[in-house]
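Hi there,

Here is the structure I promised to pass on to you. Have a look at it first, and then read my notes below.

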Amino acid sequence: WINTPEITRYGVALSRKAPGTLPFLGNGIKFIQPRQNLFDWFTKCIHLHGRETLLITVPSLPPGVIISDPANLDFVFKNEPIFQKGAFFKARLNDLFGNGIVNSDGDQWKRQRKVGVQLLAGANMNIVTGHELPAILGKTIRHLTKRADTTEIVDLDASILEITTQLISKMVYGVELQSHDSFTQAFDYSAGVVSERFQNPLWRFTEIFSGFRFQRALKLIKTRGVQLVSHSLLTKDSDICFGSTDLRRASKGFLKGLLKALGDDGLVAESALNFLSAGRDTTAQALSWTFYLLMRHPRVACKIRELMGASSTRHSPSQPSHGEPSPEAVAYTTAVFYETIRLYPPIPFEIKQAQSDVLLPDGTLLPSKSIVVWCTWAMNRSKDTWGEDASDFRPERWLVDGRMRYREAAEFPVFQGGPRLCLGKKMAEMVAVQVILELVSLFNFSPAYEGEKVSRNHLTLPMEGGLKVYVEKL
Ligand code: HEM
């Protein structure tokens with residue numbers, strides 16, 4: 001309740017508090033509200049105080065600050081040994097993510113990262129984009145074609161999640177899981193429970209009453225996770241066409257690498273689940289928000305089609321095209337994707353914990369164990385960084401002479417930065433661009449819902465109520 005020691009700047013207690021800070025309760029109430037309200041509050045912090053570092057207090061938690069200045073964020077990224085996940089983060093995620101890459105620091109994290117770099121290397125990405133994704137996308141296209149030009153409503157969000165579930169599970173476990181499998185369902189449920197822990201300071205107490213279903217889900221995830229790993233490790237090499245285009249080969253190499261690095265099947269299963277989770281939901285959600293924004297901005301969808309030389313040149317409505325899109329079409333579609341994840345970052349805020357006393361570039365002195373929070377959602381709406389039209393959807397802001405102009409991680413922390421930069425950044429971009437190009441040039445989607453979409457409470461940014469659409473074939 002009493003947060004000591006103090007966070008200071010130039011020898012005096014940091015006085016700039018986040019708006020609406022209450023005596024005793026601090027900002028505690030903000031964190032128990034629906035997440036959308038929390039994002040609005042973080043955005044208000046930036047609109048009122050610009051890049052200023054703000055004190056944040058939540059009863060029972062260590063002292064903390066909200067940082068919004070890219071210079072501070074850059075410092076945090078570059079000093080990864082000081083700014084770690086730490087005990088605060090791990091206590092909340094440990095039940096689900098164990099010692100996996102997303103939830104570990106130090107040596108354990110480094111060993112998994114090394115193996116992950118190989119999994120996500122160029123050769124495997126060529127298999128993803130050249131073979132596995134087109135095959136999975138072909139099924140989605142057939143599903144959508146059957147429902148096109150009818151009054152049937154399709155949940156595009158669910159269809160997209162199916163794509164990333166099949167693709168990333170094949171890469172990680174060597175088998176195509178479905179998004180409605182008991183394993184993936186149990187994972188979704190458990191991720192919802194652990195995400196609540198970041199907003200509910202009394203979670204240890206409240207879960208005494210609600211924890212039974214959670215414990216059952218965790219048990220299923222652990223048992224099935226170990227089975228999936230053992231199955232892949234036991235697959236005979238002769239059953240996989242080595243040197244072929246099969247991701248099972250990549251998966252087996254990945255799991256063997258993890259086993260060597262971690263030494264135990266249980267830890268390998270934990271790590272594999274972290275990789276599945278890191279890639280599946282984030283990419284699917286980014287795509288769902290993209291299609292949502294394209295429906296709100298038909299001019300952008302038209303521009304993609306125009307650059308693709310679209311509808312008239314399609315080969316078959318049920319198969320992905322194998323024609324190469326022009327560099328202009330790829331650049332513009334990449335810009336559409338980046339503009340979407342600017343406004344709808346799949347990991348909307350982040351937390352690190354200082355492992356020693358540390359001085360931020362703006363002079364703020366953080367005592368050891370302080371929490372550092374940044375809200376990517378809000379930073380990506382900062383007028384200081386993005387200009388007066390920061391809240392508008394304008395893919396062109398990413399292009400210079402028709403080419404992508406990427407931003408520094410500290411200004412655009414959607415994939416984090418420094419040594420913990422997202423390992424799947426390139427994969428996410430390639431997969432997203434391919435899916436957008438294919439679906440936009442084959443179909444027109446129109447909303448089968450009213451009003452604006454918001455996200456629901458989760459670790460990432462799922463769309464509340466899915467994305468119900470009507471499908472029209474072009
Ligand atoms: C639009 C899609 C994606 C976004 C926005 C995204 C974003 C992020 C962010 C913000 C982090 C840092 C999380 C943290 O440490 O708290 C992260 C880490 C990670 N991401 Fe992604 N990600 C995406 C797709 C992917 C894909 C497709 C994969 C492939 C499996 C992947 C694998 C990982 C891994 C393994 C980490 C942990 C890296 C580490 O801690 O060293 N991500 N991602």
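**Around the ligand**

Helix H11 gives the most to the shell around the ligand, with 6 residues. This is a predicted model, in which local features need pLDDT of at least 70, side-chain atom pairs count only at pLDDT 80 or more, and totals for chains, interfaces and linings use all residues. Residues are numbered from 1 along each chain as its sequence is written.

The ligand is surrounded by 24 residues, and the closest are Ala278, Gly279, Cys422, Gly424 and Ala428. (Helices are DSSP runs of H or I with at least four residues, strands are runs of E with at least two, and both are numbered from the N terminus.) Sorted by class, the shell has 15 nonpolar, 6 polar and 3 charged residues. Here Ala, Val, Leu, Ile, Met, Phe, Trp, Tyr, Cys and Pro count as nonpolar, Asp, Glu, Lys and Arg as charged, and the others, Gly among them, as polar.

**The nonpolar cores**

In soluble globular proteins, nonpolar side chains tend to be buried together. The largest nonpolar core has 94 residues, of which Ala272, Ile304, Ala432 and Ile436 touch the most other members. A core is a set of buried Ala, Val, Leu, Ile, Met, Phe, Trp, Tyr and Cys residues joined through C-beta atoms within 7 Å. Buried means 20 or more other C-beta atoms within 10 Å of the residue's own, exposed means 12 or fewer, and partly exposed lies in between. H11 (residues 265–296) provides the largest share of this core, 14 residues. Another core, of 30 residues, lies apart from it and includes Ile7, Leu73, Phe75 and Cys375.

**Two packed helices**

How do H4 and H8 pack? Helix H4 (residues 86–97) and helix H8 (residues 182–196) meet at an angle of about 170°, with their axes 9 Å apart. Axes are lines fitted to C-alpha atoms, for helices over the stretch in contact, and angles run from 0 to 180 degrees between N-to-C directions. H4 and H8 are therefore roughly antiparallel, the word for angles over 145 degrees. Arg92, Leu93, Asp95 and Leu96 of H4 make the contact with Ser190, Ala191 and Val194 of H8; contact means C-beta atoms within 7 Å, placed from the backbone.

Enjoy exploring!

Key: Angles under 35 degrees count as roughly parallel, over 145 as roughly antiparallel, 65 to 115 as roughly perpendicular and the rest as oblique. Two residues are in contact if their C-beta atoms, placed from the backbone, lie within 7 Å. A residue is near a molecule or strand if its C-beta atom, placed from the backbone, lies within 6 Å of it.
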